[in-house]
Amino acid sequence: MWCARPGTVATDHVASACKRRCYRANATSGATIIARTQPVNRRWLPLNALRAFDAVGQRLSFTAGAQALNVSQSAVSRHIIRLEELLGHKLFDRSGQTLALTAAGLALLPEVSKSFDRLEQTMNAIGVDPHASRPIRLHVPPSLLQHVVMPMLQAFHAEHPGVRIDISSSHVVGLPSAETDMAIIFDRPNIDDRVTDLLWMVRVAPVCSPQTAERHRGKPLAQFLADNDLLHVKLEGQPRGLLWATYANQCRIALDVDRGFAFDANSLAVTYAMHSDGVALADIDMFAPDIASGRLCLPYDAVINDGFGYYLKLRPEDLSDPTIGLVRSWLIARFAERQADQASTG
């Protein structure tokens, strides 16, 4: 039966939670160490109220949240009021025409949703195989996935056949909108609340087909780019010609960056350049095999670092998950080996 937990005073819950832990300062490092004096007791957690909050918060509607849980709207409202009393803060702003999350609600919702997602995944996995662990959700940008990570995943599976990984891919700069356990992202360096490992910094240069390079042999770089269509990679929320404009600025050349086609992924722009007219701005480390084979031509030794790189990101609390730790360490090592191999051959 889906029912409310009997109400208690919020301060009683906080006090009892505090009694389950003791804190002492580390005199040497200044760090705070949390030591549990007895096994964790989660009886005070209002699970039904958290389910109600998740349902309403995801939809920003008490009616839709109640329908999703197949309970009455009044039951959902009571649960959320009890949860707000427990926390001592409002979770929703009900003053406007539309329901909105407060600062407390915005802080709590992703944590509640993530916890329920993990529970659901693990229970589904156990239902299929009682010895199975939940799959690790990994996001990888499309071009990197196709040219670099796919072979790595094949090798990982051969070494660790019992570890399951669900892979997603999307054309975004930075973190994807979908919930993941780990994400390899394409972005400039930034600081956030995630554990971040640099996999490699991108080095870019103009690339084209051998036929295009031969037709324009002997031209200065600026003239070569002016005489060919520029192939762009679209970056979410950024101007269409950002990457070419950055390149031209670093090379100190004047360039009309509005010409040519734009693609969702670097691999698509490079494939077009490889088989048609036009010049793409490519990550020369990602496409090193194509350049070495002669399928793709690097007509000028004019390589720059445009500030973008590939980073592995995960939440700090997930470092305690041994499977996530294994995947993280393995990926970091494989990327380091790849970089070392290219440096030795290049």
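**Group meeting: a walk through a predicted chain**

I would like to begin with Lys114, which lies in helix α5, spanning residues 103-128, where helices (H or I, at least four residues) and strands (E, at least two) are DSSP runs numbered from the N terminus. Lys114 counts as buried because its relative accessibility is 7%, and I use buried for under 20% relative accessible area, exposed for over 50% and partly exposed for what falls in between, with a 1.4 Å probe and protein chains only. If we set aside the neighbours within four places in sequence, Lys114 is in contact with Glu179, Arg315 and Glu317, contact meaning heavy atoms within 4.5 Å.

Before going further, please keep in mind that this is a predicted model, in which local features need pLDDT of at least 70 and side-chain atom pairs count only at pLDDT 80 or more, while totals for chains, interfaces and linings use all residues. Residues are numbered from 1 along each chain as its sequence is written, and side-chain values use heavy atoms, with hydrogens and water left out.

As for confidence, the mean pLDDT of the protein chain is 84, and 84% of its residues reach 70 or more, pLDDT being the predictor's confidence in each residue, from 0 to 100. Over residues 1-39, however, pLDDT stays under 50, and for that stretch the model has 47 contacts beyond four places in sequence. Where pLDDT is low, the predicted coordinates should not be read in detail.

Now the chain as a whole. The secondary structure comes to 12 helices and 12 strands, and 40% of the 346 residues count as buried. Among contacts between residues at least 6 apart in sequence, 72% join residues at least 24 apart. The chain exposes about 18,900 Å², of which carbon and sulfur atoms supply 55%, the areas coming from the Shrake-Rupley method with a 1.4 Å probe and, for residues, with only the protein chains shown counting as cover.

Let me turn to the interior. In soluble globular proteins, nonpolar side chains tend to be buried together. Here I call a nonpolar core a set of buried Ala, Val, Leu, Ile, Met, Phe, Trp, Tyr and Cys residues joined through side-chain atoms within 4.5 Å. The largest such core has 61 residues, and those that touch the most other members are Leu144, Ile184, Leu225, Trp244, Tyr247, Tyr310 and Phe335. Helix α6, residues 142-159, gives this core its largest share, 7 residues. Apart from it lies another core, of 17 residues, among them Val56, Ile80, Phe92 and Leu109.

Which residues does Tyr310 touch, not counting those up to four places away in sequence? They include Pro141, Leu144, Ile184, Phe186, Asp197, Trp200, Asp283 and Met286.

That brings me to the rings, where Phe, Tyr and Trp (its six-membered ring) pair if their centres lie within 6.5 Å, and planes under 30 degrees apart count as stacked, over 60 as edge-to-face and the rest as tilted. By this rule the count comes to 11 aromatic pairs. Trp200 and Tyr310 form an edge-to-face pair, 5.8 Å centre to centre with 90° between the planes. Trp200 lies in strand β8 (residues 195-207) and Tyr310 in strand β12 (residues 304-314), so this pair ties together parts that are 110 residues apart in sequence. Both Trp200 and Tyr310 are buried. A second pair, Phe224 with Tyr300, is tilted, because the ring centres are 5.2 Å apart and the planes are at 50°. This pair also links distant parts of the chain, with Phe224 in helix α8 and Tyr300 in the loop between α11 (288-293) and β12, 76 residues apart. Phe224 is buried at a relative accessible area of 1%, and Tyr300 counts as buried at 17%. Ring pairs also link Phe186, Trp200, Phe308, Tyr310 and Phe335 into a cluster.

I will finish with some loop residues. Leu60, in the loop between α2 (47-59) and α3 (62-69), has a phi near 50°, a positive value in a residue other than glycine, and is partly exposed at 38%. Arg252, in the loop between α9 (242-251) and β10 (262-263), likewise has a positive phi, near 60°, and is exposed, with a relative accessible area of 78%. Most residues other than glycine have a negative phi. Lastly, Gly218, in the loop between α7 (210-215) and α8 (221-226), counts as exposed at 75% relative accessibility, and its C-alpha is 9.7 Å from that of Pro299, 81 residues away in sequence.
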